[in-house]
Amino acid sequence: RYWFNGYARDGSFFLGAAMGHYPNRGVVDGAFSVVHDGVQHSVLASGLMPTDRATVVGPLRIEVVEPLRTLRYVVSDNDRGLTADVTFRARTAPVEEPRQRLVRHNVPIMDYTRLTQWGTWEGTITLPTGVTLELDAATTWATRDRSWGVRGVGQQAPTNFPPGPMQVFWLWAPLHFDDLCTHLALFEHADGERW
């Protein structure tokens with residue numbers, strides 16, 4: 001799964017974008033969303049996962065321009081009227097987070113890891129209102145992650161074990177400062193015990 005966010009440092013807009021491949025379900029899905037002037041605009045797409053795991057679904061496309069440094073997210077013309085051509089440029093090296101594993105009754109519920117990276121955005125986003133946002137790397141910060149592994153997505157595989165609540169509390173906070181990027185991530189069970 002790819003995940004991105006970004007925001008103007010003056011708070012004038014916020015963006016979120018994602019794309020995931022779920023091989024056990026045969027699904028690829030993606031989303032691009034922007035909040036501007038208190039209104040959220042979004043494009044969502046889902047489809048049959050291609051066997052080559054291409055990073056395109058509907059009008060959404062991710063291109064790896066330079067591995068671990070530069071990625072491009074494109075939202076082509078669509079019925080929602082939201083388009084974008086934005087480029088993430090790394091500000092830091094990627095940081096691989098510790099493996100995140102949750103097992104119940106010897107069945108892995110979650111077993112994955114991710115890399116987190118801080119950067120900037122540049123490019124344009126055109127909203128359905130006709131407003132075009134110009135993203136400038138000097139004023140638009142970004143965070144991204146790239147994760148892989150087993151997730152509790154979709155209907156749970158049948159077992160003879162009693163179902164348990166899928167309650168996970170997660171605080172994931174990658175933070176930007178002018179001279180420093182830092183990261184806090186905590187996982188807790190419903191009773192507050194950390195794992």
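Author: Rings of Phe, Tyr and Trp (its six-membered ring) count as a pair if their centres lie within 6.5 Å; planes under 30 degrees apart are stacked, over 60 edge-to-face, and the rest tilted. This is a predicted model, where local features need pLDDT of at least 70, side-chain atom pairs count only at pLDDT 80 or more, and totals for chains, interfaces and linings use all residues. Residues are numbered from 1 along each chain as its sequence is written, and side-chain values use heavy atoms, with hydrogens and water left out.

Reader: How many aromatic pairs does the structure hold?

Author: Let's start with one of them: Tyr 2 and Phe 4 are stacked, 6.5 Å centre to centre with 10 degrees between the planes. In total, the aromatic pairs number 7.

Reader: Are the planes of Phe 32 and Tyr 73 stacked or tilted?

Author: Phe 32 is buried (under 20% relative accessible area; exposed is over 50%, partly exposed in between, with a 1.4 Å probe and protein chains only). Tyr 73 is buried too, at 0%. The ring centres are 5.4 Å apart and the planes sit at 45 degrees, so the pair is tilted.

Reader: Which side chain makes a polar contact with the side chain of Gln 117?

Author: A polar contact is a pair of N or O atoms within 3.5 Å; within protein, one must be able to donate a hydrogen and the other to accept it, and residues adjacent in sequence count only if both atoms are side-chain atoms. Gln 117 has 0% relative accessibility, so it counts as buried. Its side chain reaches the backbone oxygen of Thr 92 at 2.8 Å. The side-chain partner, at 2.8 Å, is Arg 144.
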